[in-house]
Amino acid sequence: MNIVDIQELSFSFSRNDEPIIDRFSLSIKKGEVVGILGPSGSGKSTLLRLIAGLEMPSSGSITIAGRRVVDDRMFIQPEDRGVGMVFQDYALFPHMTVKDNIMFGLSGLPRDKRKSDLEEMLELVQMQDYKKRYPHELSGGQQQRVALARALAPRPNVLLMDEPFSNLDTDLKDEIRHDLREILQKADMTSILVTHDQKDVAAICTKQMMVPVTSRSM
Amino acid sequence: MELDKARRYFQKECNGWWLISMVGAGVILLPILYVFLSLFQSPNENWIHIRQYLLQTYTVNTIILVTVTGLLTAFIGVLLAWLIASYDFPFKRFFRFTLIFPLAIPPYIAAYTYRNMLSYTGVVQSTLRNQLDIHINSELLTLTSVSGSIFIFTFFLYPYVYLITLAFLEKQSAAYIENARMLGQKPVPIFFKIILPLSRPAIIGGVVLVVYEVLSDYGVTSYFGVHTFTTAIFQTWFGMYDVDSAMRLASWLMIMIVGLVFIERLLRKRRRYHLPRQSRSIVPVRLKGGKAVAASLVCGTIVSIGFFIPVIQLLAWAGMTFHTIWDSQFFELLYQTVYIAVIATAIILVFSTIIANVTRSPSTFSYILSKIVTAGYSIPGAIIAIGVLALFILLDGWLAPVYEWMELGEAPLILSLSLVMLVVGYVIRYMAMGYNAMEVGFEKVGNRYTESSRMLGHGKTTTFFKVELPLLKGALLSGFLLTFIEIFKELPLALLLRPFNFETLATKTYQYANDERIYEAAIPSLIIIAVSVLSVIVVQLLDRRVKE
């Protein structure tokens, strides 16, 4: 079964602008890690935001885990889509500790389950010793791990990552790429990763595509 | 197809937040529109009388006040901004800050302070007479109607021009001024050839604020007995109880303001300079000898007239009346003022937070909404007051059957005699202050935390309480302070909309002054001034924090 199914998706920032995404289609199977490569301004971040529900397409449809989330006549709010996202700057809540950040997406669950999920996530990203820290007390790489754990904790159908390495030092990148691949594999997570760096895709992804992809250029 | 899309849009955007915003916009828009509608009703006898005998005087006086004050404040404001921005002289840092202080003295307080200081029995003439034995024609010093108002407005409103022009000169003009210096120009030609034309948009911006203040003034002009549109609106209501004519006057005043906005756009239109992006701060030139003394003297004189002299005089008067004024009744008055200001401010902040949250996502709709919300600030208090008053009387008329059913008597005035009316007036007038603070707050927080929270399964409202509210604390605090202080010292709305026997510090001060009980007015005046100085300091501190 396809976890993500995008059909003929188009988007432009205003009515009169050239579409930044033009009749784009993509299917992703369970467990695939898709890398989307392209220069800045090619609409790759916008594609993630459309899947997440943070933008509304001008036409086309998106289906996630068999459920239609947007088309020309309906729109499902981002919080109801079962999509996780790691933002480029991580956007960890500055007024919450690591623990509270990760538990933030687990609010619907019983107390015990939340606790055990938290421990599981901390272990997955190897951050057990940092639960009481605040985001500004962590290094860039540690922040990224917390952001990843926070996005994975509610067990989304698909994980979106927007330039996850752009805020890290070059000498750290190799190691963290390797870790990320392991984490995603362990969690058996269907993912879409957007980047401008071919190396990211080569190290992590099972499948890649280039943007801008428009129906015209294909 | 389009209909489906519209429905999809509503599915995405329409929620409680949106609905409350619409209610807020409606509350603000309704009285203003109601005032405008009065233009299309057939006029009554009063109006015919007003139009025949009085309208011309109102118009001429208003135009004279606005034009002369505008020119004088522009002159003083730019002169000071130029001195402070481009030169170093003794006490400059002190003057840079204190030159703003005249804004902290409400013009009506300044008006009665100066009028009495300069009168025959006032401190100036009696000192001249008794100590120095100089007898002058007392007419010469007496502040009278139009010229007196212009004097007061000029010395207590020029900081608007000074502030905006100073900010412009300090940040943006270094390259031009230094270039002109390199090309061998002397300071005076630089002022006229470079600084004046370049800062035109800033000067116009400041003068427009001054003009708004003059147009909405009631305290100064009524104290000096000048007939303007605003005083006329009050007189038609208090003297003749003629709401229709008052509304008609208000709508004419509003047309003048729309005209003003139009003129402002026209004046600024072709003057949008592309200023150098990487602007350095200007390096001030050190003045020496006579020039330095002259510069200090100019600044010192203006800040003395605009702040220190009236404050010292008020302190002296306050000392004389302290034992009679400072009693439990006074605390009651203080409590009432704080009470109503806190209620109005709280309502304003709730609405502005909700509306600022809705207008975060850019669209034509949010642009219009933000314009409506901030409209009240550029509309004189008297217009808002008369609109609210008329609307509440209408509302009481509609509710008459309900009142009767509740056995409150036949067609009583319930709402229009209650505090609700004044609170609504405050909310309309000062919504802009709260909204601007919250808009900046949301801007600083950004969208990323909100988006993360929604990706983690929380809706708009939970996100607000769990994520945004804790991050907005600073903005809420500064918004609360600024709005509270404005309402605390507000005069025209309170005068027109307060219930019978309800007094605020400002209305009481005004009443003392009007009854020629000048000494008694000193203590409430000083409290208002102290609170306003606090607001000036808060604004400056916030400004500095934003810069960092």
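Strands are DSSP runs of E with at least two residues, and helices are runs of H or I with at least four residues, numbered from the N terminus. Two strands pair if DSSP finds at least two bridges between them. This is a predicted model, in which local features need pLDDT of at least 70 and side-chain atom pairs count only at pLDDT 80 or more, while totals for chains, interfaces and linings use all residues. Residues are numbered from 1 along each chain as its sequence is written, and side-chain values use heavy atoms, with hydrogens and water left out.

In chain A, four strands form an open sheet in the order β2-β1-β4-β5, with antiparallel pairing. β2 (21–29) and β5 (67–70) of chain A stand at the edges with a single partner strand each, so one side of each has no neighbour in the sheet. β4 (59–64) of chain A is joined to β5(A) by three bridges, and A:Ile64 stands opposite A:Arg67 in β5(A).

Chain B meets chain A through 25 residues of chain B and 34 residues of chain A (contact: heavy atoms within 4.5 Å). The area buried between them is about 2700 Å², 58% of it from carbon and sulfur atoms; buried area is the accessible area (1.4 Å probe) that two parts lose on being put together, summed over both. On the chain B side, B:Arg8, B:Met455 and B:Leu456 lose the most area to chain A, together 29% of what that side buries.

Three salt bridges are counted between chain B and chain A (side-chain nitrogen of Lys or Arg within 4 Å of a carboxyl oxygen of Asp or Glu). A salt bridge links B:Glu451 with A:Arg49 (2.6 Å, N to O).

Definitions and conventions
Chains are lettered from A and ligands numbered from 1 in the order in which they are written.
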